[in-house]
Amino acid sequence: MKVKERILTSAHRQPAALPHTGIASFCKAPYVFEIAEMQADVAILGVPFDNMASMRPGCRQAPRALRDASTRFGWLGDAAGSSGFFDIGNQATFLSGIRLIDAGDVDVRLDAPVTRERITAHARSIIDRGLFLASIGGDHSVTFPLLAAFEKYAPLTIVLLDAHMDYRDISMDLKFSNNSPFRRAHELSFVERIVTVGVRGIKSTDREYRESLEHGNLVFPMDRVHDDGIMAIINEIGELGNYYVSLDIDGLDPSIAPGTESPEADGLSFRQARQLLRGISKHGRLVGVDIVEVNPYLDHAELTQHIAVQLLIETIASGFPNTAAKL
Ligand code: MN
Ligand code: MN
């Protein structure tokens, strides 16, 4: 191909280009902002909002940082879909044939109620278009307005990886903070139950723990992970039906994910998180995912950002089990 032609055809998409070149879309996938033009299987949607980060703000920068980090996993595909990623541990290639787009960011505002409405509306328009929605926050308050858009997947189970319960009714006079997304989610008529794994530390209250259990949810503190192992937890969770995964990066151990507002020692290893996410995918259908609370300002060597991207890609893959071609 002549140089001039190559420049023209690569203007929209540069699958083979070096990671650091061009404007960073997620995995260097096509950037498609117009809903009517979205012809793909998976949409990445940024939610750069962290007004509820009360102590160490900065995770509003995560969508940009994660996109930058994700260029390492440049989407090696064309309009027909990706050639997939080879997972040597599992001896399988996953996400082959899947078409990914970067849908840009929700047009967030500094006003939180307005922002919540915009998050739900934007998410719903992508879901209604038939795409699998993977969102990158933002603080954990963005998960409730995202979940509000998943009504068509009723009854819906939520699986949460988090060091904290995030199940407070009211926190600092606020109903919609990053301490409350799952209490609010419980109030959605189509949410069946919430499964939380990895809770530890001394920040969650006994009240939110007790109330979550009273509401029929499952809570697996980190001690249960240590004592019984992930496989026992997967069995106890049982059949999920339609489920949504919310990944608070502080669910992982801070030794591998230090870049977050509220790190808690003794968290999930990457292996445990992956084992859980893969395991439950055999007992239900993943319909959406978000990853939140990554704070690039607090990160070291961009470690958290790179791990967050890989965890997100692998979680998306668990929603497309048929693309995992065994060797
Ligand atoms: Mn947390
Ligand atoms: Mn959280």
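## The two manganese ions

In this predicted model, D162 bridges two manganese ions, ligand 2 and ligand 1. The two ions lie 3.2 Å apart.

H140 and D166 link distant parts of the chain, 26 residues apart. H140 sits in the loop between strand 7 (132–137) and helix 4 (143–147). D166 sits in the loop between strand 8 (156–161) and helix 5 (181–186). Both H140 and D166 are buried.

## Salt bridges across the chain

Side chains of opposite charge can pair when their charged atoms come close. How many salt bridges does the structure hold? The count is 17.

One of them joins D41 and R99, at 3.3 Å from N to O. D41 lies in the loop between helix 1 (3–9) and strand 1 (42–47), and R99 in the loop between strand 5 (92–94) and strand 6 (100–105), so the pair ties together parts that are 58 residues apart in sequence. R99 has 30% relative accessibility and counts as partly exposed.

## Two more links

D102 pairs with R67 in another salt bridge, with the closest N and O atoms 2.6 Å apart. D102 belongs to strand 6, and R67 to helix 2 (residues 62–70). This pair links distant parts of the chain, 35 residues apart.

D87 has a relative accessible area of 9%, so it counts as buried. R278, with a relative accessible area of 25%, is partly exposed.

## A salt-bridge network

Some charged residues join in a group. Which residues are linked in a network of salt bridges? They are D169, R183, R184, E187, R207 and E211.

Notes:
Residues are numbered from 1 along each chain as its sequence is written. Chains are lettered from A and ligands numbered from 1 in the order in which they are written. This is a predicted model: local features need pLDDT of at least 70, side-chain atom pairs count only at pLDDT 80 or more; totals for chains, interfaces and linings use all residues. Side-chain values use heavy atoms; hydrogens and water are left out. A salt bridge is a side-chain nitrogen of Lys or Arg within 4 Å of a carboxyl oxygen of Asp or Glu. Helices (H or I, at least four residues) and strands (E, at least two) are DSSP runs, numbered from the N terminus. Buried means under 20% relative accessible area, exposed over 50%, partly exposed in between (1.4 Å probe, protein chains only). Donors are N, O and S atoms within 2.8 Å of the metal (3.2 Å for Na, K and Ca); water is not among the atoms, so sites may look incomplete.
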